[in-house]
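Work through the exercises below with the model open. Try each task before reading its solution.

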Amino acid sequence: MTTTATAAVLVEPGRPLEIGQIELDEPRTGEVLVRVEAAGVCHSDYHYLNGDLRCPLPAVLGHEGAGVVEGVGPGVAHVAPGDAVSLLWRPRCGECRPCLSGHSERCVLGRVEAASGGLLDGTSRLSFKGAPAYHFLGVSCFAERCVVPERSVVPIPDGIPFAVAAIAGCAVITGVGAVLNTLGDVTGRGVAVFGAGGVGCSAVMAAATAGAFPVIAVDKSEQALALATALGATHTVLADGDTDAAIRRVCPDGTDAAVEAVGRPETMRAAFSALRPGGTLVAVGLAALGENFSLPTNELVQQEKRVVGSLYGSASPPLELPRVFSLYRSSRMPLERLLGATHSLSAVNEAYAELLAGAPGRAVIVPGS
Ligand SMILES: [Zn+2]
Ligand SMILES: [Zn+2]
């Protein structure tokens, strides 16, 4: 039996998302039907909206979400109808080399979903206007309902609001993991975070929670910097001039670490420049297809600086998400303060316009509102 749902569909890059009715086939073996309660307005979707990055179209966007299981296909063992779940945009097969090494963020099945626009078997459960449509990273939660693999959901413990559970499944894991997993021990070390959006502010929270000092947030927006301060940044730098000089007024030798959550060549260079000798730059911001940046070779070699990429927290999201929930429930990380405006599904294009205009906090779509 098919299910009908309202959804935001990307038909063509450069055009607004189209709000319309989709048809969802019932979940097959190992799949679940989820009623979406909240979906984060992540900048990554915008890269597909404007054509920076490509995916099979038409597609229902949205990749950080949370909701309630409404139906299960054959063989589903770990969740049941009525369970609250967060959605992950990387499944885990448990068998490929990345999964076996504890890095299911690089699971081969994720690439199957991304390339095919389908679920784990590469086929879609979606149609739009009577024609086949595609999933986005196996999630597609800018919709009232979605069908996702059981391997892409994590149960939400009691006491976690859906909006928090939604953003925890992408922005928070990404920012927190860049610090706790990629950088590791930052206690007493200086960390500069470039970009104080959802991911950057999550990195700020993780650095503060882990005892880093100073924690310097860098952004173009005063409002974003105010939020970063509320979340644990000890210093802020308004990116309207010489950020390097401003950072060195706080850390004369440079910072031990930098997190780049913007995805622009100029920010990558600024973050690299902010490092002290031996420092590490973690890049988490996505850029347009083919984007490059250059670095001063001798500074890299003579100062033994490191540059490393980090995807989805650089660990296994099904393990990382419960850790994030635990930090929230123990009041170590006030994730609810990361939340920005709430929008209805029909206002998703306005939500992206506000994101681009620099609205602070992570906006959330509530499809049922
Ligand atoms: Zn995201
Ligand atoms: Zn795998």
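Angles under 35 degrees count as roughly parallel, over 145 as roughly antiparallel, 65 to 115 as roughly perpendicular and the rest as oblique. This is a predicted model, in which local features need pLDDT of at least 70, side-chain atom pairs count only at pLDDT 80 or more, and totals for chains, interfaces and linings use all residues. Residues are numbered from 1 along each chain as its sequence is written, while chains are lettered from A and ligands numbered from 1 in the order in which they are written.

**Exercise 1.** Describe how helix 4 and helix 10 cross.

Step 1. Find helix 4 (residues 162–183) and helix 10 (residues 317–329). Helices (H or I, at least four residues) and strands (E, at least two) are DSSP runs, numbered from the N terminus.

Step 2. Take the axes, which are lines fitted to C-alpha atoms, for helices over the stretch in contact; angles run from 0 to 180 degrees between N-to-C directions. The two axes come within 9 Å and cross at roughly 105 degrees.

Step 3. Helix 4 and helix 10 are therefore roughly perpendicular to each other.

Step 4. List the contact (C-beta atoms, placed from the backbone, within 7 Å). Helix 4 supplies residues including Val164, Ala168 and Val172. Among those from helix 10 are Pro317, Leu321 and Phe325.

**Exercise 2.** Give the strand order of the open sheet and explain its edges.

Step 1. The 6 strands follow the order 13-12-11-14-15-16, with parallel pairing.

Step 2. Strand 13 (235–238) and strand 16 (306–309) each have a single partner strand, so one side of each lacks a neighbour in the sheet.

Step 3. From one strand to the next, the twist averages 20 degrees.

Step 4. Helix 7 (residues 243–250) packs on the sheet and touches strands including strand 13. The directions of helix 7 and strand 13 make about 165 degrees.

Technical notes:
Two strands pair if DSSP finds at least two bridges between them. Two residues are in contact if their C-beta atoms, placed from the backbone, lie within 7 Å.
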